[in-house]
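These are notes for a colleague who is opening this structure for the first time. Please read the numbered points with the model on screen.

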Amino acid sequence: MQKLSRFWTRSCLSVLAGLALVAPWQQIAAQAPAAPPAAAAPPAILFQGVKIFDGISGQVSAPRDVLVRGNKIERIAAQVAPESGAQVINGSGKVLMPGLVDAHWHTMLAAVPVATAMMADRTYLAIAAGAEATRTLMRGFTTVRDVGGSSFGLKDSIDGGLVPGPRIFPSGAMISVTSGHGDFRTFHDLPRQIGAPASRFDEAGDSAIADSPDEVRLRAREQLMRGASQIKLTAGGGVSSPNSPLDAVTFTEAEVHAAVEAATNWGTYVTVHAYTPAAIQQAISAGVKCIEHAMLMDDATAKLIGQKGIWLSAQPLPDELANAFPRGSVEWNKAQEVLAGVGRTYELAKKYKLKTAFGTDVLFSAPLAAQQGALLASLTRWYTPSQVLVMATSTNAELLKLSGKRAPYAGELGVVREGALADLLLVNGDPVADISLIAKAEQSLAVIMKDGVIYKNQLAPRAGS
Ligand SMILES: [Zn+2]
């Protein structure tokens, strides 16, 4: 017995010494081949002669020099003398703008077909999501707010330098009720007992079923423990879920409130998937701070969102969305109803000057994921190009601030100004004059920088050139 306890003491001590008091997952991130080793003075990168779209003013400035040191923008001036050892990028004739933010993205589910998402091996899904994360960054999206999906491991891999990808503000599993949006179980999985072992969907971590305030609180706290920067509930029916009618209000107010309490106590907030006035209004009275979609809202509900200062996270859904489902199926019909409401939602958002964020909500479609920039550009149906680009940069970054200290990245996002994080795009041309440039990232983006690291540089001298 004594021997055993000595063994445990020794093992525990050596384990603690080996870990240097960090958790195993932090160690994994620390071992990853990250950015170059930190030198005494971080290397400087100087963008020379770039016009600036700062993400706030909506204007493009006269040519300036922008000095990046480490992961921040250090100086912006008419001229900055290049210091020795600095990398100089000649940006003459180009526009420097903040990296784009997608406020409604599903890192794990965007680009794989629905059947694959449901059936494939988790390792395959993680690698596929990693590849899509790299493509997301190469489209100029340097930050995504993930509103449903087990993205924590991929986020750590990206942050640790294992795979290029955007910053992720993760929600973890979207929390739903039995039969709600996000419940992909079959009838064979029923009945479930409260307190029964988790289903394979719950274990995968993309969605979590909760049917009482206590279960909602538990599921919310599990996501917070994993590192969720906000909590996502599905407060009403959804298009792709087989058993949730669009008009259904899924949670009770007490259930939504349980999540709000857990999130608020943790310094962050709850956002809900909701289309209808009833689902939106109940969520607001339960203390929710952001509404996703709202495609079926009415005038009075829009007015309420404005009065309460709630965020609207809206998406310019493409017509192709309907074709993701067999023509005439329940899902296809639900998609028609939602698509018909897109224009009205934006009109109401403008009428009541709602705090409106931009997202895409691409699910289960690689071709649509590739359209991420084009979806942003399609907002010109309701906004000027300048307003569109402000929305996808500083406005979306404003929404991210609702996460408070649960925000995974310290520093200012979505703007080009001194002291802000260096997430930057150098555009071959002026995206305010021609927003279609954003849809053609491969040709249009000369440089993509995230956190001060260059991930793409068309202007770098090539071997033999
Ligand atoms: Zn979504």
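1. One definition is needed before the helices are described. A crossing is called right-handed if the near helix is turned clockwise from the far one by less than a right angle, and left-handed if the turn is anticlockwise. By this convention, α7 passes α8 in a right-handed crossing. Note also that this is a predicted model.

2. The overall make-up comes next. The protein has 17 helices and 18 strands. Its radius of gyration is 23 Å, close to the 23 Å that the globule rule gives for 465 residues, so the protein is as compact as a globular protein of that length. The C-alpha trace spans about 75 × 70 × 40 Å along the principal axes.

3. Two further totals describe the protein. Of the 465 residues, 47% are buried. Among contacts with a separation of 6 or more, 70% are between residues 24 or more positions apart.

4. Two packed helices are described by the angle between their axes and the distance between the axes. How do the axes of α7 and α8 cross? Helix α7 covers residues 213-226 and helix α8 covers residues 253-265; their axes come within 8 Å and cross at roughly 30°. Angles under 35 degrees count as roughly parallel, and α7 is therefore roughly parallel to α8.

5. The residues of this contact can be listed. On α7 they are P213, V216, R217, A220, R221 and L224, and on α8 they are A254, E255, A258, A259, A262 and A263. By class, the contact of α7 with α8 has nine nonpolar residues, three charged residues and no polar ones.

6. Which residues meet in the contact of α4 with α5? From α4 they are A126, A129, G130 and A133; from α5 they are G153, L154, S157 and I158. The residues of this contact divide into five nonpolar and three polar, with no charged residue.

7. G414 lies in the loop between α15 (385-400) and β16 (424-427). Is G414 buried or exposed? A residue counts as buried if 20 or more other C-beta atoms lie within 10 Å of its own. G414 has 28 other C-beta atoms within 10 Å, so it is buried.

8. G414 also has partners elsewhere in the sequence. G414 and L100 are 314 residues apart in sequence, and their C-alpha atoms are 7.1 Å apart in space. Leaving aside neighbours within four places in sequence, G414 is in contact with G55, P98, V101, T393, S394, N396 and A397.

9. Some backbone geometry deserves a look. Most residues other than glycine have a negative phi, and most peptide bonds are trans. L190 and P191 are joined by a cis peptide bond, with omega about -5°. P191 is in the loop between β9 (174-176) and α6 (200-204).

10. S179 lies in the loop between β9 and α6. Its phi is near 80°, a positive value in a residue other than glycine. S179 has 18 C-beta neighbours inside 10 Å and so counts as partly exposed.

11. F364, in the loop between β15 (355-358) and α13 (366-369), has a phi near 60°, a positive value in a residue other than glycine. With 19 other C-beta atoms within 10 Å, F364 is partly exposed.

Key
Residues numbered from 1 in each chain as written. Predicted model: local features only at pLDDT ≥ 70, side-chain atom pairs only at ≥ 80, totals over all residues. Axes fitted to C-alpha atoms, helices over the stretch in contact; angles between N-to-C directions. Helix = DSSP H or I, 4+ residues; strand = E, 2+ residues; numbered from the N terminus. Parallel < 35°, antiparallel > 145°, perpendicular 65-115°, else oblique. Contact = placed C-beta atoms within 7 Å. Nonpolar A, V, L, I, M, F, W, Y, C, P; charged D, E, K, R; others polar. Rg over C-alpha atoms; globule rule 2.2 N^0.38 Å. Buried ≥ 20, exposed ≤ 12 C-beta atoms within 10 Å, placed from the backbone.
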